[in-house]
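Please consult the sequence and the structure below.

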Amino acid sequence: MARFLAVYTMQPEDLARFRAMPKSDQDAIDAAGLPKWQEWEERHSAAFADPGGMVGKTLRVSRSGVAAATNAICGYVVVEADSIEAAARLFEDHPHFRIFPGDAVDIMPFVT
């Protein structure tokens, strides 16, 4: 089986909008979404080569040095599947974008 990196994305402005909501609204979304996310993880756990996790603020290292940066990456998981299409199907209707303010999950094959 091939391995694929699945990267959860969320636009910074969508996260800011979510964080600006009243705490009770955020808690209601969490209460609805977290059990669905756990169900998804249990249903697909056999495909996880690395269960990954959510990520925080970014530091970018470049020729210019180290500096704070912003991007849409908010988490990852490594899955094994027969094809990139099969890997992508694992994420259809994922709570990340059906309940939470995430916008997508990008699937990429490991090529080395």
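A polar contact is a pair of N or O atoms within 3.5 Å; within protein, one must be able to donate a hydrogen and the other to accept it, and residues adjacent in sequence count only if both atoms are side-chain atoms. The model is predicted, so local features need pLDDT of at least 70 and side-chain atom pairs pLDDT 80 or more, whereas totals for chains, interfaces and linings use all residues. Residues are numbered from 1 along each chain as its sequence is written, and side-chain values use heavy atoms, without hydrogens and water.

**His94**
- The side chain of His94 reaches the backbone nitrogen of His96 at 2.8 Å.
- His94 lies in the loop between helix H3 (84-89) and helix H4 (95-98); helices are DSSP runs of H or I, at least four residues, numbered from the N terminus.
- His94 is buried, at 0% relative accessible area (buried is under 20%, exposed over 50%, partly exposed in between; 1.4 Å probe, protein chains only).
- Leaving aside residues up to four places away in sequence, His94 touches Tyr8, Trp37 and Trp40 (contact: heavy atoms within 4.5 Å).

**Salt bridges**
- The whole structure contains three salt bridges (a side-chain nitrogen of Lys or Arg within 4 Å of a carboxyl oxygen of Asp or Glu).
- Asp14 and Arg17 pair at 2.3 Å, N to O; Arg17 is exposed at 52%.
- Asp27 and Lys23 pair at 2.7 Å, N to O, and both lie in helix H2 (residues 23-44), four residues apart.
- Asp93 pairs with Arg98, the closest N and O atoms being 3.0 Å apart.

Conventions. Helix = DSSP H or I, 4+ residues; strand = E, 2+ residues; numbered from the N terminus.
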